[in-house]
Amino acid sequence: MTGFHKDADAIQGIDISEDMRKKTDLQVGETQQERAARLFSQAWAKREISQLQSKPSKKAHPENKPSKKELQTIQERQDALQDLLLQSLPLETYSKLAGEDYDGDSKCFAKASDWPYTALHLIEAQTPQNAHPPTIKLPKVSFDVPGQPKKTLPEIALFMANKWTELANSAVKCAASVESEVVAVQNTFSAQQKEDYIRNVSNNFKQKLNNNYTAKPEKIIPRHLMSTIREIANIHNSSAHPTMASLISIDANQIERDLVDCKLCCEDKLLFRIPPLQVETGLETYRKFLRLQVTPQLLLQNQIAVDSKKSATPADEIAIAQYRNLCHRNPNYLQDKKLPDIYLEGKVIEPNGYSLKEAIIQSLNPLLQASELEARPFYQFRNLFPESEPGDKYYYTPEQYNTCRERKVAFDSLFNSAVAAKLRLQTEKGPYLTAQTETGTSIEITNVALSKYPERFKNRSSLEILLVTNENYGSSTSNSHKTCVLAKTKDSEGSDKWVKLGTLSESSRKVLDIPVKIEGTKYFRLQNVTAVQALTETDCNLIFKQAAEIADSFQSECSLKGETDAMAAATWHLCCTPELNHDSRKKTQNFVFATWSSQIADRLNELQFKELTIGELNSADIKINNCIENAEIRIDVAQTGNGENYPTQGKRTLQIMKDGRYITAGTVSENSAQLPVGTTARAKLIPAIAKTAELHVTGLDDRIKVGKVAECEFGGQSSLLNQEYTITIQSLNKPKYLLETSGKVIGELDETSIESLRKNNCLHNNFSFTAELTTYGISNGTYTVAKSRTGNILCARKQNLIGYYKDLRFQGTMAEVSVNIQQKPEICATVTTECGLKVLGVFTPNQKESKIALMKAFCNQQQGKSDEMLKKEFDAGKLTGLSFKAYIKFNSTTLTASIDLNSIQYPIRWSKEKEVNNEIVNNTVNSQAVNNQAVNNQTVNNQTVNNQAVNNQTVNNQAVNSQ
């Protein structure tokens, strides 16, 4: 250590950066730290020897070299210096060496044996021989070049707004992915799999060489890489193996030996085995080719692309494409991971290779599918806010309910338009054209910015187009446009020609009823062609912000008025209405969450869904006529071997503990709250209000049913004794309240509107007032709200069913409206009680069999009349005034299970509806397979018996003939 200081001053002035960059002398197993120490000490030794040779005594005798003693001293000091440097040089990690940073990403630890591909990748990546050369950072170039026209700010902005970073980064990932795949093949594949893999690579490169002279510029192979490409392409070269002609000329034993080492594929092409050593050499050559020749060039272009925001040097798109093309395949996950619907509704990335990322994706797919969230229909959560009576915390008036509806419409209009515009940005670039067909149908032509000729066709009074099947449809998963638009124009010589203008928007395709696959072309002449500027992402975000401001403003107004709780409940119940959830569980009610998120969160502190509605009761095994206290229940799923014909299959059921086992009581209504399958609890079972009643007439086999029992005087609850009562059939008028304007019916008033008119003493015929009319809902759920000048509202439903204005939507229209009361006769069953005559129920259209049975039992001269004729006579009042004796039984078709919250026991694992249904389908398929096997066996047995019978008959016939 003599002559050296601990800070290793001896290496001052020595530069080994160029040697470190070359990596040509990297020794096996040597780390970067060891290599740096070795290079520093070697450089110091060379400098010492050079200084000895430059001494005057040596200059006089140039042939003289340093003595052995001097060289030995230098060697000792070199070794000491190298040891000292090993202790003082910083140990640089691979991540730091490669310039990788994690941008705040988390790091975690796992057993290497659980992730073999990942462990293999890390081991290979940290081997110094595999480190690719450092990426050169080119000097920044100014946009202002002396002697050339100064670039304008828009020109510089357009230069910076490029897609180079995306292209280069994707190409780097592609090369890295394929390289990691080669490493996996080298270390984990069998000999046969390795051979097949390198053969595929070799054939791919051979095809690239064959197409190189006619390829587009982005597909041409760089000249300095041709030798490596040829080397890989020649790994599997049929000319290097004996041909069929040569096989004929040699002896049979040699042919047999050769055929053992070959395999037949592609029907008639004989492929000979590649020697194992050549396979290993080929794989390593391909790996190094990707690592040291392809990736560095792509990294250079990626660096230029990143610097293009602050330098005038452009990235070379052709070079990026050329080097990316040198990978024998393109990993599909690079594109699929950007799809907006990936990992939604069971859709996953399906890898097409064996790279590290694809192996991880393959491992994670089942986990992601198993943990996928499952959305329940929104209306099932209505009871999160309770139905309240006047004076309660969450009670709201019809006027407050309508205010929520108005604000929701304003919010939805902005929010939905922003969502539509944002979705449009994913598939439609830049401005679009609007036009009308000769029949007046408005259409949109999108993606015109991608055309070479968009300016020719803007603002044209007339334009001829052809619709053809989009050439990209089917080859690109992200292209949602099925139809391409060709426009007629003139070429340089004035002749007609058709050029691609853009794509037909999907909404326009459906309006024009254009099929996905067009046979030939479809011709249209368009009028009033106009260019429309598309919304940008910034515009979309601004619209989202405006929608959020509506929600915030509404919440603040309600808070100032002290109506927060009432309005939160009103908004929640509004969003749970059937007409707003017509397409079931995919509907998201953004307005209520944007406005009342805090109030919703407060209701989640404890379970609010305390009551389950149970229908399709199992009356055969369980009789529930009175309340059952403290019943043990369990939630299960109906399964059966009867297949799709069984109505409750796949539905959640409520089971009751009876005699030590669970018996199905009925199905859990999909319109009410739900609990996970396997949940157990204690509950109070309450029979719901009866909807129908049965009349047991002495001497009559048929049971007579009447409906609308809950709406009549008994209210669906029986207070009758188990005895015969006198039943009288009567025709009674039931008022029907209609809302009209200009003598035309808008719709039928709902119960809330009728009660509001009754409370204000306005429930009489021809009551009129001036109102603002606004239509909501769609299809059969369409309804119109009439708002008076004082703020009172009436709601007219069934507009599309009974109204005159089926195709008209009122948009804040001021009109004179009136209430029209119509009397609708109904055939009813009345009961004579101690309190007088009471209406039991109504013979509705559903009671057809009961009407026919009564006509046959109590009306003479019915012979020869059809059932339909008997029903019509009953509806016409043929039996009005008829009286008879009957026992009355109220039918409760549903029950309510009121859950004891302290008794709920959830299952350890919550099963999703999709998993349960899949299990049921599998069980059904297995059951059907067993049944089919049984049928087949029976058929075989029958056939055997028949054959035996035929044989016996033949023997008998032969015996008769012999006699």
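Thr728 sits in strand S16, which spans residues 725-741; strands are DSSP runs of E with at least two residues, helices are runs of H or I with at least four, and both are numbered from the N terminus. The model is a predicted one, in which local features need pLDDT of at least 70 and side-chain atom pairs count only at pLDDT 80 or more, while totals for chains, interfaces and linings use all residues. Residues are numbered from 1 along each chain as its sequence is written, and side-chain values use heavy atoms, with hydrogens and water left out.

With a relative accessible area of 11%, Thr728 is buried (buried means under 20%, exposed over 50%, and partly exposed in between, for a 1.4 Å probe and protein chains only). Its side chain makes a polar contact with the side chain of Ser883 at 3.0 Å. Such a contact is a pair of N or O atoms within 3.5 Å; within protein, one must be able to donate a hydrogen and the other to accept it, and residues adjacent in sequence count only if both atoms are side-chain atoms. Beyond its neighbours within four places in sequence, Thr728 is in contact (heavy atoms within 4.5 Å) with Cys828, Ala829, Thr830, Gly881, Leu882 and Ser883.

Glu868 and Lys848 meet in one, at 3.5 Å from N to O. This pair links distant parts of the chain, with Glu868 in H25 and Lys848 in H24, 20 residues apart. Glu868 is partly exposed at 37% relative accessible area, and Lys848 is partly exposed at 31%. A search of the whole structure finds 35 salt bridges.

Arg329 and Glu181 form another salt bridge, their closest N and O atoms being 2.8 Å apart. Arg329 lies in the loop between helix H14 (317-324) and helix H15 (333-336) and Glu181 in helix H8 (164-188), so the pair ties together parts that are 148 residues apart in sequence. Both residues are buried. Glu181 is also the nearest side chain of opposite charge to Lys208, at 13 Å; Lys208 is buried yet has no salt bridge (Lys and Arg count as positive, Asp and Glu as negative, and His and the chain ends are not counted). The side chain of Lys208, a residue of helix H9 (191-211), instead reaches the backbone oxygen of Asn325 at 2.6 Å.

Lys787 and Glu406 form a salt bridge with closest N and O atoms 3.5 Å apart. Lys787 lies in strand S19 (783-788) and Glu406 in helix H17 (398-427), so the pair ties together parts that are 381 residues apart in sequence. A network of salt bridges links Glu438, Glu464, Lys488, Lys490, Asp496 and Arg525.

For the chain as a whole, there are 26 helices and 24 strands, and buried residues make up 39% of the 963 residues. Among contacts between residues at least 6 apart in sequence, 71% join residues at least 24 apart.

Conventions
Salt bridge = Lys/Arg side-chain N within 4 Å of Asp/Glu carboxyl O.
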